[in-house]
Amino acid sequence: MASSPAAARADSPLWKVVGASLIGTTIEWYDYFLYGTAAALVFGKLFFPNSDPLTGTLLSFLTYAIGFAARPLGALVFGHFGDRIGRKKLLVVSLLLMGGSTTLIGLLPTYHQIGAAAPVLLTALRLVQGFALGGEWGGAVLLVSEHGDRRRRGFWASWPQGGAPAGNLLAAGVLSLLTTVQSDATFLDWGWRVPFLLSAVLVAVGLWIRLAVDESPLFKEALARSEARKATRQEAEQPPLVAVLKHHWREVLVAMGARMAENISYYVMTTFVLAYAVTQVHLPKQTALNAVLIASAIQFALIPVFGALSDRVGRKPVYLVGAVGVGAWAFVFFGLVDTRSFGSLLLAVTVGLVFHSAMYAPQAAFFSELFATRMRYSGASIGAQFASVAAGAPAPLIATALLKDYGSSTPIAVYVAIAAVITVLAVLCARETRGSDLAEDEEESGAQAAATGARAPAEDVSLTKPSTA
């Protein structure tokens with residue numbers, strides 16, 4: 001018989017689970033953002049040296065975008081096995097894959113050394129990064145969401161989200177330090193490799209911490225109930241992906257729509273802005289990196305604040321403020337960057353990330369509460385990562401192409417605003433999930449909903465097929 005939630009949650013203190021998830025996601029996002037930052041600053045020169053600077057940056061961002069193509073595959077694979085055998089095991093695998101591929105990027109020969117094979121190998125390793133990250137996000141936020149209680153779920157689940165700005169902060173900080181102590185020639189020669197090789201050390205630390213936490217108690221209970229039902233009724237269990245698409249396709253679409261403004265705005269305001277500030281506005285690399293560095297530190301502090309706010313007023317109101325805000329701010333953003341003032345650049349990025357935080361912080365709890373336990377890893381990951389192909393993947397690429405074609409930042413601002421409209425519509429179509437009971441038995445609650453004629457909440461759908469008896 002499954003243990004009670006209270007007993008199960010006593011296995012690993014919540015602070016320990018939160019710490020393990022935060023450190024793991026920070027390392028994975030460090031690896032991922034390190035690539036994006038390097039793509040904006042040096043990869044064009046190292047791997048596409050025969051192109052003009054803007055075209056080289058465009059090609060560099062293309063390899064950056066290709067990594068997103070592997071994220072849905074990672075979501076499918078990790079989601080399937082995460083819903084079958086548990087969250088913790090898959091999170092260990094994702095950390096190893098991400099760290100290994102990032103370390104190998106630091107060892108890659110450049111175009112001048114092996115020719116066209118260099119960008120091919122770079123792209124292949126970027127695909128491995130994308131595959132790993134596609135499985136990381138869902139498992140990390142679910143591990144915290146399923147350990148915590150419904151009253152403060154938004155606050156606790158937002159901490160793994162802090163891994164994104166923390167990883168960006170770490171990546172930008174290491175690169176900023178290197179560009180400070182090295183000349184441009186030295187950094188371009190070998191200095192850029194140091195932060196990639198540093199990933200091996202960070203992964204070792206992350207694994208040590210992540211292996212120390214227990215599996216999600218709600219998953220263990222749901223698995224025990226599922227096994228008991230199969231044993232007594234001989235029911236065949238549907239694959240998580242089939243169950244998600246059958247019972248939760250609306251929630252998947254909501255999650256995808258909700259990700260559009262959040263994903264696009266983030267990569268425009270933290271990754272593309274580096275290339276824009278250096279190549280278009282002619283600011284020093286150090287100035288651009290420092291602005292992103294400081295803004296990321298502020299965002300890290302704000303994410304749990306917005307997560308806690310979503311526990312008080314609801315996931316939807318907080319998310320909508322962020323979406324509307326980022327759509328409007330996009331038109332102010334580039335005007336501030338164009339002033340060539342560090343203060344204005346810092347203000348532009350910081351305010352943009354404040355609005356982004358209002359979407360990103362409640363997202364973990366919001367998406368977790370949309371799906372049932374035994375399909376939650378698949379549902380949350382599919383919704384989040386399939387959207388990233390259309391949103392974050394091409395964002396720096398589209399922004400660079402728009403700048404190249406029009407010679408103006410206004411079309412880029414319009415692009416961000418359109419994404420904000422899509423997100424607003426998606427969130428308005430969603431139900432409010434604050435206070436949902438993730439531990440509710442799927443079969444019993446589904447029967448209650450059927451008896452009352454009400455629509456079953458997200459947690460009410462079982463993975464098992466109805467008995468034909």
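Which helix is Thr423 found in? Thr423 sits in helix H20, residues 410-429. Before the close-ups, a quick note: this is a predicted model, where local features need pLDDT of at least 70, side-chain atom pairs count only at pLDDT 80 or more, and totals for chains, interfaces and linings use all residues. Residues are numbered from 1 along each chain as its sequence is written, and side-chain values use heavy atoms, with hydrogens and water left out.

View 1. Helices here are DSSP runs of H or I with at least four residues, numbered from the N terminus. Thr423 is buried, at a relative accessible area of 0%. (Buried means under 20% relative accessible area, exposed over 50%, and partly exposed in between, using a 1.4 Å probe and protein chains only.) Setting aside neighbours within four places in sequence, Thr423 is in contact with Gly257, Ala258, Arg259, Met260, Ala261, Tyr319, Ala323 and Met359. Contact here means heavy atoms within 4.5 Å.

View 2. Phe331, Val414, Ile418 and Ile422 make a nonpolar surface patch of about 340 Å². H20 gives the most to this patch, with 3 residues. Val414 has its place in H20 and is partly exposed, with a relative accessible area of 36%. For a nonpolar patch, side chains of Val, Leu, Ile, Met, Phe, Trp or Tyr are joined within 5 Å, taking residues with over 30% relative accessible area and no salt bridge. (A salt bridge puts a side-chain nitrogen of Lys or Arg within 4 Å of a carboxyl oxygen of Asp or Glu.) Accessible areas come from the Shrake-Rupley method with a 1.4 Å probe.

View 3. The structure holds 17 aromatic pairs. One of them is Phe43 with Phe47, edge-to-face at 5.3 Å centre to centre and 90° between the planes. (Rings of Phe, Tyr and Trp, the last by its six-membered ring, pair if their centres lie within 6.5 Å; planes under 30 degrees apart are stacked, over 60 edge-to-face, the rest tilted.) Both Phe43 and Phe47 lie in helix H3, residues 43-47, 4 residues apart, or about one turn of the helix. Trp192 and Phe196 also pair edge-to-face, at 5.8 Å and 75°, and both are buried.

**View 4. Helix H2.** H2 covers residues 14-41 and has 28 residues. From first C-alpha to last, H2 reaches 39 Å, close to the 40 Å expected at 1.5 Å a residue. That expected span is 1.5 Å times one less than the number of residues. H2 is mostly covered, with 24 of its 28 residues buried.

Technical notes: Helix = DSSP H or I, 4+ residues; strand = E, 2+ residues; numbered from the N terminus. Patch = residues over 30% accessible without salt bridge, like charges linked within 9 Å, V, L, I, M, F, W, Y side chains within 5 Å.
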